[in-house]
Amino acid sequence: MSAEGQTAASKVSSLKGKVTLITGASSGIGAATSILFAKLGAKLALNGRNVENLKKVAQQCAEVGHAEPLLVPGDLTDEEVVKDAIDKTIGHFGKLDVLINSAGILAMGSIETTDMEQFDRVMNTNVRCVYQLTHLAVPHLIRTKGCIVNVSSVNGQRSFPGVLAYCMSKSAIDQLTSCAALELASKEVRVNSVCPGVIVTEVHKRAGLNDEQYAKFLERCRETHALGRPGQADEVAQAIAFLASDAASFITGVNLPVDGGRHAMCPR
Ligand SMILES: NC(=O)c1ccc[n+]([C@@H]2O[C@H](COP(=O)([O-])OP(=O)(O)OC[C@H]3O[C@@H](n4cnc5c(N)ncnc54)[C@H](OP(=O)(O)O)[C@@H]3O)[C@@H](O)[C@H]2O)c1
């Protein structure tokens with residue numbers, strides 16, 4: 001059916017039956033995306049390192065969806081784990097329609113304090129793994145005329161002191177998104193990213209904020225986000241589902257802010 005011929009309702013439900021590989025599925029934005037995609041009827045392959053958490057998310061997906069997700073756990077900085085995630089997904093489902101790259105880490109550090117170990121850790125996790133997984137997924141996505149949604153950050157487009165390697169890594173993801181979108185457009189593979197502002201997940205505490213610092217950080221979102229609050233993981237998941245669905249059939253190469261207006265703000 002042509003894009004014009006589809007009803008609005010069928011476009012929203014176009015993720016039904018779509019084989020979707022989601023990284024970072026064991027926590028935060030990736031977990032919320034997994035559960036939303038399960039509700040929308042997608043067939044899921046889920047990656048995360050923490051197998052216990054991954055199983056809990058898979059259980060929630062099975063409760064709201066039609067099928068048990070396939071688990072492809074492991075540390076994506078290991079090239080074999082990345083290859084295995086693609087091979088097992090294709091072996092199990094026979095195809096790949098959607099790739100969601102949500103796995104990522106945050107680290108605090110400036111040009112004076114970010115040593116090569118931190119720089120490599122952030123760039124390996126947030127850029128190198130995403131590149132390898134995307135590179136291996138693309139031949140399968142060309143076959144299905146599928147799509148990719150990357151989870152970038154407002155930090156890719158705007159500059160913040162004290163999270164240098166992270167900002168650099170997300171700028172790289174924005175370029176991966178728009179360059180790959182241009183390279184794959186003729187093959188009808190769409191590539192987009194979401195660029196969240198502060199979203200309530202584990203990522204900031206994992207980067208070193210204690211409970212008190214985290215509470216203050218969230219409180220400051222009243223000023224740092226135009227909408228006066230941090231976002232929730234499901235609000236990002238909804239944007240990801242939109243970009244992956246036929247509702248976004250004419251959208252590619254977009255780095256979409258999902259940040260309560262933060263990208264548009266300038267201090268006065
Ligand atoms: N939360 C925010 O404010 C915010 C804002 C902008 C962008 N983002 C981006 O959103 C994405 C998801 O982050 P989140 O906020 O949902 O954080 P989160 O709750 O900490 O989740 C991060 C996910 O990434 C996975 N992961 C990290 N390193 C990995 C590795 N080496 N191999 C495999 N999986 C790995 C984690 O797996 P395990 O837990 O199993 O180890 C977890 O599932 C990240 O790319 C982050 O940069 C977040």
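1. Two strands are said to pair if DSSP finds at least two bridges between them. Val151, for instance, stands opposite Val194 in S6. Strands (E, at least two residues) and helices (H or I, at least four) are DSSP runs, numbered from the N terminus. The model discussed here is predicted: local features need pLDDT of at least 70, side-chain atom pairs count only at pLDDT 80 or more, and totals for chains, interfaces and linings use all residues. Residues are numbered from 1 along each chain as its sequence is written.

2. The sheet. Seven strands form an open sheet in the order S3-S2-S1-S4-S5-S6-S9, with parallel pairing. Strand S3 (70-71) and S9 are the edge strands, each of which pairs on one side only.

3. Strand S4 (residues 98-101) and S5 pair in the parallel sense over four bridges. Between them the chain crosses from S4 through H5 to S5, and this β-α-β crossover is right-handed; the term means that, with the strands pointing away from the viewer, the path from the first strand over the helix to the second runs clockwise. Within this pairing, Leu99 has Ile148 of S5 as its bridge partner.

4. Five bridges join S5 to S6, and the two run parallel. Ile148 stands opposite Val191 in S6, while the bridge partner of Val149 in S6 is Asn192. On S6 the pairing continues to S9, in the parallel sense and over four bridges. There, Cys195 has Pro257 of S9 as its bridge partner.

5. Burial of the two strands. A residue is counted as buried if 20 or more other C-beta atoms lie within 10 Å of its own, as exposed if 12 or fewer do, and as partly exposed in between, with C-beta atoms placed from the backbone. Five of the five residues of S5 are buried, so S5 is largely enclosed by the rest of the structure. Likewise, seven of the seven residues of S6 are buried, so S6 is largely enclosed by the rest of the structure.

6. Side-chain directions. In a regular strand the side chains alternate between the two faces of the sheet. From S5, Cys147, Val149 and Val151 point one way and Ile148 and Asn150 the other, and all are buried. From S6, Arg190, Asn192, Val194 and Pro196 point one way, whereas Val191, Ser193 and Cys195 point the other way; all are buried.

7. Asn150. Not counting residues up to four places away in sequence, Asn150 touches Asn101, Val130, Ile173, Leu176, Thr177 and Ser193; contact here means C-beta atoms, placed from the backbone, within 7 Å. Asn150 and Val189 are 39 residues apart in sequence and 14 Å apart in space, C-alpha to C-alpha.

8. Helix H7. The expected span of a helix is 1.5 Å times one less than its number of residues. For the 21 residues of helix H7 (residues 164-184) this gives 30 Å, and the end C-alpha atoms are 30 Å apart, which agrees. The buried residues of H7 include Tyr166, Cys167, Lys170, Ile173, Leu176 and Thr177. The buried residues of H7 pack against helix H5 (116-144), strand S5 (147-151), helix H6 (154-157), strand S6 (190-196) and strand S9 (255-258).

9. Two loop residues with positive phi. Most residues other than glycine have a negative phi. Lys145, in the loop between H5 and S5, has a phi near 50°. With 12 C-beta neighbours inside 10 Å, Lys145 counts as exposed. Glu188 lies in the loop between H7 and S6 and has a phi near 65°. Glu188 is partly exposed, with 14 other C-beta atoms within 10 Å.

10. The ligand shell. Which residues are closest to the ligand? Of the 29 residues that surround the ligand, the closest are Gly24, Gly28, Gly104, Thr201 and Val203; a residue is included if its C-beta atom, placed from the backbone, lies within 6 Å. Helix H2 (28-39) and helix H8 (203-206) are the elements that give two or more residues to the shell, and H2 gives the largest share, three residues. The shell divides into ten nonpolar, 15 polar and four charged residues. In this division Ala, Val, Leu, Ile, Met, Phe, Trp, Tyr, Cys and Pro count as nonpolar, Asp, Glu, Lys and Arg as charged, and the others, Gly among them, as polar.

Terms used. Contact = placed C-beta atoms within 7 Å.
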